[in-house]
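I opened my notebook and the structure side by side. These entries go through what I looked up, one topic at a time.

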Amino acid sequence: MKRTARKLADGREIIYFDSDPAKVRDVEDTRDLPARSPASEMRRDPLTGEWVALAAHRQTRTYKPPAELCPLCPSGPGRPTEIPEPDYDVVVFENQFPSFAQGITAGSDTVDGMPMVASEPATGRCEVVCFTSDHNSSFGELSRQQVRAVVDVWADRTEALGATPGVEQVFCFENRGEEIGVTLHHPHGQIYGYPFVTPRTEKMLRVAEEYRAEHGSHVLGDVLAAERASGRRVVVESSHWTAFVPAAARWPVEAHVVPHRQVPDLAALTDDERDDFAATYLELLRRMDGLYDRPLPYIAAWHQAPVRTGRDLSWLHLQVFSVLRSADKLKFLAGSESGMAVWINDVTPEQIADRLRAL
Ligand SMILES: [Zn+2]
């Protein structure tokens, strides 16, 4: 894949990934964009030790494209978008209103002189990935070759963001559907480079470490072997990947897509594993969209190893889940989930698996 890095009018980076090695990407961004002023701050919750990012500048967006103009479509005559070129295969650019960014000038401090509440610049990077130039497509409608290209782009960005100063963990994800709060319908995902190891990853590493001390093996490796042996919750199985409903699923629809080999992140996948992922994931998405006979709103979240720590304890996997518990009913994160982080699921994982397997 050919990779061409350019700059947008306000200095943000845009990177074209082309299957045609002869493709030239030299169209200038002629828009009159306001200067960027990343002002993100993060504060540490003194009771949980977890960071909260404050992105107040996201509330006062000065540049808004007209409603009929999708900012993720290629540019046309007199219709400039975030992508200056008239077409693209896969394109990545820096988010205009990032939660985490480079070049934040604020220093480390405490909030109102409270020594227990640390405040730090939210250093990192947030990127948007457009999976295809086709506005009316979706990830599940991409060809295997297109999905493979997206995997290569995720791998490239995982390495690039991992090498970015201050980034400790790279998170590739897709929010799909209005029920998830998506306002742009163009098929796209996001990549966050966080300046810390996320709470969920920290917890999974701690559990993996304890499990290894007791059993001498990796907890996800053992789960994978047991799920494949039983087959009860397996939805799709291929030579390099298995997609199954986790035995303790939290969501009314949930599946984990796990490589058979322990790898820390997307960049460590072989060509065969990447090709095979495309086929496996497309089959899973086909079944998920068939569940309620409508495009399923979902979140697809890649769990990767942190950049510097716990890499030997990590096992890459994709978690795909939906808030939709019937064709028109949403699961809300109410008291138990939001207040105590204890999930109550109305559907058993075996029921979810049976429905996905029947499609
Ligand atoms: Zn579009």
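Which residue just after α2 takes a positive phi? I found G216 there, with a phi of about 75°. One caution for myself before going on: this is a predicted model.

**Entry: helix α2**

I went back to the helix itself. α2 covers residues 199-215, which makes 17 residues. From its first C-alpha to its last I get 24 Å, close to the 24 Å expected at 1.5 Å a residue.

**Entry: β3 and its partners**

Next I looked at strand β3, residues 41-44. β3 runs antiparallel to β4, and four bridges join them. β3 also runs antiparallel to β7 (residues 114-121), this time with three bridges.

I picked E41 to follow across. Its bridge partner in β4 is L54, and its bridge partner in β7 is P121.

Then I checked the hairpin of β3 and β4. Six residues sit between the strands, and G49 takes a positive phi near 75°.

**Entry: β6 and β7**

β7 came up again with strand β6, residues 109-111. These two pair in the antiparallel sense over three bridges. I noted that D109 stands opposite S119 in β7. The hairpin here has two residues between the strands, and D112 is the one I wrote down, with a positive phi near 50°.

Is T48 buried or exposed? T48 lies in the loop between β3 and β4. I counted 9 other C-beta atoms within 10 Å of T48, and 12 or fewer counts as exposed, so T48 is exposed.

Who touches C126? I left aside its neighbours within four places in sequence and got N95, P98, S99, F100, A101, Q190 and Y192.

I also compared sequence and space. C126 and Y194 are 68 residues apart in sequence, yet 8.6 Å apart in space, C-alpha to C-alpha. T48 and G140 are 92 residues apart in sequence and 38 Å apart in space, again C-alpha to C-alpha.

**Entry: one face of α6**

Which residues of α6 are buried? In this helix (residues 349-358) I listed P349, I352, A353 and L356. Seen down the axis of α6, those buried residues fall within an arc of 95°, so they line one face of the helix. I then looked for what the buried residues of α6 pack against, and found β11 (234-237), β13 (253-259) and α4 (271-290).

**Entry: the two domains**

Last, I zoomed out. The protein is divided into domain 1 (2-199) and domain 2 (200-261 + 270-358). Their centres, taken over C-alpha atoms, are separated by 25 Å. The contact takes 27 residues from domain 1 and 29 residues from domain 2.

On the side of domain 1 that touches domain 2, α1 (144-162) and β9 (169-176) each supply at least two residues. β9 gives the most to that side, with eight residues. By class, I have eleven nonpolar, eight polar and eight charged residues on that side of domain 1.

Conventions
Residues are numbered from 1 along each chain as its sequence is written. This is a predicted model: local features need pLDDT of at least 70, side-chain atom pairs count only at pLDDT 80 or more; totals for chains, interfaces and linings use all residues. Two strands pair if DSSP finds at least two bridges between them. The expected span of a helix is 1.5 Å times one less than its number of residues. A residue is buried if 20 or more other C-beta atoms lie within 10 Å of its own, exposed if 12 or fewer, and partly exposed in between; C-beta atoms are placed from the backbone. The arc is that of the directions from the helix axis to the C-beta atoms. Two residues are in contact if their C-beta atoms, placed from the backbone, lie within 7 Å. Domain bounds come from an automatic or database domain assignment. Ala, Val, Leu, Ile, Met, Phe, Trp, Tyr, Cys and Pro count as nonpolar, Asp, Glu, Lys and Arg as charged, and the others, Gly among them, as polar.
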